[in-house]
Amino acid sequence: MKKMICLTILSIFSVAFLATKAHAIFVSPTYVAFDKGKSTARLTLNNRSNQIKVITFEWERRSFDENGKTFFVEDGQVADNYSPADPYIEFSPRRVILKPRQRQTVRLIAKRPQDMASGEYRSHFLIKEEKIMNSPVKGEGEKKGVAGEIIVNVNKSIPVFLRQGDTSVDVSLDKADMVSRGGKDFLDVSISNNSSRSIYGYVHLLCDVGNEVLNFRVAPLRIFTEIDNITKSIPLSKVDTRQCNSIEGQVVGWNDFELSGRPLSQKTIK
């Protein structure tokens, strides 16, 4: 009995290991945004493994509750401050087979109806990666083995934003405090969000050392429209703030069509 249990546990860990190794399809870019006037976009898939991969694509709808936790929005379900983008976006191809080191481009086209309400629409583009592995069959007189096929599925998804009409970004860095826990330094931040569209950004520290100001990028941010408040405790193991005469905390836009590199909110820390 113990031997059977050990074999079962070993099989589970083997499949988990295979699933981790199978995740070899790299996707670029990491998100897609159809901003004003934009109606086409492309994704590039790159099979960096030594296995042939079967890739299929689907949509899924993800939103956030008041605690910032992700949940799936099912068909017919309504979520506050969330509208899906997939009814307005077509993509091609629907399925591809990638040989080792092969690339594939997926084209997405946004089709906005004339009466489309202003605001942001968002869905996640689900990329389903599949590999089929044949198990060896033992010959007569050898120890018994398990014959058949193991199907390893690995999924990843990227957000796709569709923006229509006027949208705004209204982000406030309400709290930025240096604290010490267990002998380690952290930056505790609290951010309020009243935006009508999502934005990617970073938390930056501006360190005044007298003759210059040092800029430290300490944490990425993904601020979605339905999230009203974000709290983070950011470890500062790679940032030496002891040399700073004063420190300013900033929320800065990143890879954004309007606000990339621009401060969205700032607060004095010390």
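In which strand is the place of S63? S63 sits in β5, which covers residues 62-64. Keep in mind that this is a predicted model.

Is S63 buried or exposed? Its relative accessibility is 0%, so S63 counts as buried. Leaving out residues up to four places away in sequence, S63 touches K69, T70, F71, V73, A79, Y82, R122 and E226. Two of these deserve a word. The side chain of E226 makes a polar contact of 3.0 Å with the side chain of S63. Y82 is 19 residues from S63 along the chain, and their C-alpha atoms are 6.7 Å apart.

As background, nonpolar side chains in soluble globular proteins tend to be buried together. Here the largest nonpolar core has 31 residues, and L187, I191, V203, L205, V218 and I234 touch the most other members. At least two residues of this core come from each of β12, β13, β14, β15, β16 and β17. Another core, of 24 residues, lies apart from it, and includes I25, F91, V96 and Y121. Back to V218: among its contacts beyond four places in sequence are L236 and V239.

Last, the sheet. Four strands form an open sheet in the order β15-β14-β17-β18, paired antiparallel. Why is one side of β15 and of β18 left without a neighbour in the sheet? Both stand at the edges with a single partner strand each, so one side of each has no neighbour there. Direction ignored, neighbouring strands of this sheet are turned by 20 degrees against each other on average. Within the sheet, β14 and β17 pair over eight bridges in the antiparallel sense, and L206 stands opposite E248 in β17.

Notes: Residues are numbered from 1 along each chain as its sequence is written. This is a predicted model: local features need pLDDT of at least 70, side-chain atom pairs count only at pLDDT 80 or more; totals for chains, interfaces and linings use all residues. Side-chain values use heavy atoms; hydrogens and water are left out. Buried means under 20% relative accessible area, exposed over 50%, partly exposed in between (1.4 Å probe, protein chains only). Contact means heavy atoms within 4.5 Å. A polar contact is a pair of N or O atoms within 3.5 Å; within protein, one must be able to donate a hydrogen and the other to accept it, and residues adjacent in sequence count only if both atoms are side-chain atoms. A nonpolar core is a set of buried Ala, Val, Leu, Ile, Met, Phe, Trp, Tyr and Cys residues joined through side-chain atoms within 4.5 Å. Two strands pair if DSSP finds at least two bridges between them. Axes are lines fitted to C-alpha atoms, for helices over the stretch in contact, and angles run from 0 to 180 degrees between N-to-C directions.
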